[in-house]
Amino acid sequence: MAGIVVVFDFDKTIIDVDSDNWVVDGLGATEEFERLLPTMPWNTLMDTMMGELHARGKTLDDVADVLRSAPLDPRVVAAIKACYGLGCDLRILSDANRFFIDTILDHHGLTGYFSEINTNPSAVDAATGRLRIAPYHDFHAAPHGCGLGICPPNMCKGQVLDRIRASAAAAAKRVIYLGDGRGDYCPSLRLGRDDFMMPRKGFPVWELICENPSLLQAEVHPWTDGAEMEETLLRLVGRVLLEARNLPPLDCKLESLPAVAVQDGMPMPLRIKN
């Protein structure tokens with residue numbers, strides 16, 4: 001193994017849209033969604049919307065069909081496969097839900113690349129056939145206790161990241177975290193000096209980081225689209241692999257480290273920017 005854990009958010013990070021909005025809009029329920037949005041937490045609202053869609057005669061297959069059409073940049077797919085091929089431990093940490101994520105990953109042949117998916121659980125109600133979406137953290141029983149004031153009640157991603165980092169499988173590994181939303185800010189604050197934060201530039205987590213970058217210990221490497229994500233992520237993975245082998249650092253005057261490919265189990269440079 002490469003000694004690297006890569007943690008991906010899902011919506012607007014792996015796929016280029018919000019999967020919840022994609023389904024609601026795609027099945028013609030946007031008006032009802034917007035009417036209910038001010039009245040309940042997002043996670044509760046999505047469970048309610050699954051009931052509303054079911055009442056309108058929309059089936060689970062209809063939901064899945066819309067999910068399969070969600071845009072996923074081929075460069076993101078390439079980055080996932082390359083990191084996996086280099087021995088990285090890939091995980092998902094998302095405030096979407098398991099059915100949505102599984103459906104999209106399966107459609108693109110990516111399910112087997114991730115060792116763990118942390119998200120809101122979902123299941124089909126056997127009696128009605130509708131999809132039920134539950135909170136990752138049961139906030140009806142007790143709050144998750146994060147004091148940052150940004151995390152939604154159903155999930156503190158920072159707490160989940162702490163568990164990932166403390167697990168035996170992730171021990172002594174460096175973390176690369178990719179995300180876009182406000183919920184990704186809490187985990188960014190919990191990364192260490194040897195870790196890397198990859199916020200999507202121009203999105204809420206980037207704006208929060210820019211308010212006070214000194215609060216983060218991890219190096220920050222922004223990205224804007226699938227191509228820049230792939231280039232940046234593989235550059236960081238290549239850097240960690242080189243450092244792990246105690247190889248001399250590259251010329252610090254270079255604009256960036258090279259991207260990497262696999263040849264005989266070693267990272268090989270593809271190109272160097274002049």
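**Reading cavities and ring pairs**

Helix 3 gives the largest share of the lining of the largest cavity, three residues.

Me: Before we go on, what kind of model is this, and how many cavities of 30 Å³ or more does the structure hold?
Reply: Glad you asked! This is a predicted model. Rolling a probe the size of a water molecule over the atoms shows where empty space is left. Here, the structure holds three cavities of 30 Å³ or more, and the largest has a volume of about 60 Å³.

Me: Which residues line the largest cavity?
Reply: Among them are Met-50, Leu-53, His-54, Lys-58 and Arg-130. Two elements, helix 3 (42-55) and helix 4 (60-68), each give two or more residues to this lining. By kind, the lining residues are five nonpolar, three polar and two charged.

Me: Now the rings. How many aromatic pairs are there?
Reply: The count is four aromatic pairs. In one of them, Tyr-84 and Tyr-113 sit edge-to-face, with 4.9 Å centre to centre and 75° between the planes.

Me: Which parts does the pair of Tyr-84 and Tyr-113 tie together?
Reply: Tyr-84 belongs to helix 5 (residues 74-85), while Tyr-113 is in the loop between helix 6 (98-107) and strand 3 (116-120), so the pair links parts 29 residues apart in sequence. Tyr-84 is partly exposed at 42% relative accessibility, and Tyr-113 is partly exposed at 22%.

Me: Why is the pair of Phe-99 and Phe-100 edge-to-face?
Reply: Because planes over 60 degrees apart count as edge-to-face, and these planes are at 65°, with ring centres 6.5 Å apart.

Me: Is Phe-100 buried or exposed?
Reply: Phe-100 is buried, because its relative accessible area is 0% and buried means under 20%.

Technical notes:
Residues numbered from 1 in each chain as written. Predicted model: local features only at pLDDT ≥ 70, side-chain atom pairs only at ≥ 80, totals over all residues. Heavy atoms only, no water. Phe/Tyr/Trp six-rings, centres within 6.5 Å; stacked < 30°, edge-to-face > 60°. Helix = DSSP H or I, 4+ residues; strand = E, 2+ residues; numbered from the N terminus. Buried < 20%, exposed > 50% of the residue type's maximum accessible area, 1.4 Å probe, protein only. 1 Å grid on protein atoms, 1.4 Å probe; cavity = no way out; pocket = protein on both sides within 12 Å on 5 of 7 lines; lining within 4 Å. Points joined across faces, edges and corners; volume = space filled by probe spheres on them. Nonpolar A, V, L, I, M, F, W, Y, C, P; charged D, E, K, R; others polar.
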